[in-house]
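Subject: Model handover

Hi,

Here is the model for your files. My notes follow below it.

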Amino acid sequence: MIKKILKFFGIILLLIVLVIAGLLLSMKADIPESTYPLPPAATVAAPANDDGYLIFGATRNSGLMVAGLLAERGEKVTGFARPTSDIAGLEAIGATIVVGDANNLDDVRAAFEGRNYRAVLTTIGCLNCEPPPDFTANKHVVDAAIEAGVRRVVLVTTIGAGDSQ
């Protein structure tokens, strides 16, 4: 009798696991088919000696997507990339590339030297990096941008969401 009960509960447990696995495997990200068009560059006033936009985290995901949209509308784009990053996407859109480590304040400051960026975007974040760049690297970007007189900094982050510390 006990064997029959255990077998019954084992089958029920197996069915529950299979249903959950099926649901997890059927879930996928809702990636948009298209993007929102940016206004033409002519509608945005460029400062004298304009160097366009500096993007940290520009080699993939959101950073690369924004870099591509800006380049598509004729803007100057500079991507800051680690020495180990794949820069093929940035090269394909004709972006200027600055190599450095955003965890190193001197590397970040060097990206601003002698340049007049209209705005800076940072999408830096990594769950498995050591040390994690989420706070330190983004602080370096903001601090260097302020020192360089950049008036617009956009920070794309999930810091503070969920159980982050």
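Helix α5 covers residues 136-148, 13 residues in total. At 1.5 Å a residue it should span 18 Å, and its end C-alpha atoms are 18 Å apart, which agrees. The expected span is 1.5 Å times one less than the number of residues. Helices are DSSP runs of H or I, at least four residues; strands are runs of E, at least two; both are numbered from the N terminus.

This is a predicted model: local features need pLDDT of at least 70, side-chain atom pairs count only at pLDDT 80 or more, and totals for chains, interfaces and linings use all residues. Residues are numbered from 1 along each chain as its sequence is written, and side-chain values use heavy atoms, without hydrogens and water.

Which residues of α5 are buried? They are Ala-137, Asn-138, His-140, Val-141, Ala-144 and Ala-145. Buried means under 20% relative accessible area, exposed over 50%, partly exposed in between (1.4 Å probe, protein chains only). Seen down the axis, the buried residues of α5 fall within an arc of 155°, so they line one face. The arc is taken from the directions from helix axis to C-beta atoms.

Ile-146 and Glu-147 are exposed, on the face of α5 turned away from the buried side. Gly-149 follows α5, with a positive phi near 80°.

Now the loop between α2 (61-72) and β2 (77-81): Glu-75 sits there. Glu-75 is buried, at 9% relative accessible area. Its side chain makes a polar contact with the side chain of Arg-73 (3.1 Å). Another joins the side chains of Glu-75 and Arg-118, also 3.1 Å. A polar contact is a pair of N or O atoms within 3.5 Å; within protein, one must be able to donate a hydrogen and the other to accept it, and residues adjacent in sequence count only if both atoms are side-chain atoms.

Best wishes
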